Amino acid sequence: MSRLNLLSTKQRATFYCDGFLFLPRFINDEWLTRLNNAADRAIEDSRSVSKTNDWFDLESDHSVEKPRLRRLMKPQDYDPVFWELASQGPFADLAADLLGPNVKFHHGKLNYKWSDGGAEVKWHQDIPFWPHTSYNVLTIGVALDHIDETMGPMGVIPGSHKGPIYNHYDPDGRWQGFINDDDLDAIATGKARYNTGSIGTVTVHHCRAVHGSQPNLNPIKPRPLLLFAYSKAASLPIMPYNQDSQYNGAIVRGKHPKFPEMDMEPCPLPPLKGQRSIFESQQI
Ligand SMILES: O=C(O)CCC(=O)C(=O)O
């Protein structure tokens, strides 16, 4: 059942001004238990996998005894509870609060960032990975465990969504999926705000917001962050979907519009055949 206006006017204004929102303990315990049960099953299933595949993105030292997952790909297809959250739960309501009544699902991922060195995510913007006809696109995430500063929390640079779209290719023209050092010099990465906090804390970031995260240095605990991307239904993906999901392009609120929304500033394209995940792209 749809439930609009979860956010206050002030929270919406913060999102439009800063390009992100952190909502402490936004997802309730009942949801968290169900989501974590499904996430635990994914970790168990990953034990029998030795190479990154369409479901599991693995760190190089992943093993049967010690699973080390970077990412569960398309969690929405892996267990119905993930799709329930993405399509009927508070995430879709949040997306409608910020994007308007017609909302389309783009893709999902569960980034684990395993303990004791789990992969860094270098500074980047999302929209160069999956360009749309306009910039009414955002990603919503929930922490499936408590996240402290040692665990590589995601950091977002306030106001960066109002800046340029940065080049995500290397100087030789190869796709790298992160912003070059020369450009980073001009970006106030020191002002990044990090989403540490309790289990159930939600983060929403705009598709142009510059964000990233450090390796997870916690010796024991992985840092599970479940993320789903949405667009205003009139903002159409320009490239083929990056996941083979049964829910690609599903309208989760409202209806399919009559006309597309076209922004005057086109987004540069990624390569036609990209890497499976940002982790793979950034390992160069
Ligand atoms: O997991 C993170 O810390 C960042 C995730 C992210 O930016 C992405 O997957 O595009």
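Biologist: What makes helix α5 (residues 90–99) largely enclosed by the rest of the structure?

Modeller: Ten of its ten residues are buried, so α5 is largely enclosed. Buried means under 20% relative accessible area, exposed over 50%, and partly exposed in between, with a 1.4 Å probe and protein chains only. The buried residues of α5 include Phe-91, Asp-93, Asp-97 and Leu-99. Helices are DSSP runs of H or I with at least four residues; strands are runs of E with at least two, and both are numbered from the N terminus. Just after α5, Gly-100 takes a positive phi of about 105 degrees.

Biologist: What kind of model is this, and which pLDDT do local features need?

Modeller: It is a predicted model: local features need pLDDT of at least 70, side-chain atom pairs count only at pLDDT 80 or more, and totals for chains, interfaces and linings use all residues. Residues are numbered from 1 along each chain as its sequence is written, and side-chain values use heavy atoms, without hydrogens and water.

Biologist: Why is the pair of Phe-20 and Phe-22 called tilted?

Modeller: Rings of Phe, Tyr and Trp (its six-membered ring) pair if their centres lie within 6.5 Å; planes under 30 degrees apart are stacked, over 60 edge-to-face, the rest tilted. Twelve aromatic pairs turn up in a search of the whole structure. For Phe-20 and Phe-22 the centres are 5.1 Å apart and the planes at 45 degrees, so the pair is tilted.

Biologist: Are Phe-20 and Phe-22 buried or exposed?

Modeller: Phe-20 has a relative accessible area of 2%, so it is buried. Phe-22 is at 18%, so it counts as buried too.

Biologist: What makes the pair of Phe-129 and Trp-175 edge-to-face?

Modeller: The planes of Phe-129 and Trp-175 are 85 degrees apart, with 5.2 Å centre to centre; that makes the pair edge-to-face. It links distant parts of the chain, 46 residues apart: Phe-129 is in the loop between β5 and β6 (137–143), and Trp-175 in the loop between β7 (154–156) and α6 (181–184). Phe-129 has 18% relative accessible area, so it is buried. Trp-175 has 14%, so it is buried.

Biologist: Which residues do ring pairs link into a cluster?

Modeller: Trp-83, Phe-91, Phe-105, Phe-228, Tyr-230 and Tyr-247.

Biologist: How do you know that the charged end of Arg-208 sits over the ring of Tyr-135?

Modeller: The test asks for NZ of Lys or CZ of Arg within 6 Å of the ring centre and within 35 degrees of the ring normal. Arg-208 sits over the ring of Tyr-135, 4.5 Å from its centre. Lys-74 lies over the face of Trp-55, at 4.6 Å from the ring centre.

Biologist: Why is Thr-201 counted as buried?

Modeller: Its relative accessibility is 4%, so Thr-201 counts as buried. Thr-201 lies in the loop between β8 (193–194) and β9 (202–206). A polar atom of its side chain lies 3.3 Å from the backbone nitrogen of Arg-25.

Biologist: Which side chain has an N or O atom 3.0 Å from an oxygen atom of the ligand?

Modeller: That of His-124. For Arg-71, the distance from a ligand oxygen to a side-chain N or O atom is 2.9 Å. For His-211 it is 2.9 Å. Taken alone the ligand exposes 290 Å², and the protein buries 97% of that.

Biologist: Which elements give two or more residues to the shell around the ligand?

Modeller: They are β4 (103–111), β5 (121–124) and β10 (211–213).

Terms used
Polar contact = N/O pair within 3.5 Å; in protein donor to acceptor, adjacent residues only side chain to side chain. Areas by Shrake-Rupley, 256 points an atom, 1.4 Å probe, with all protein chains shown as cover.
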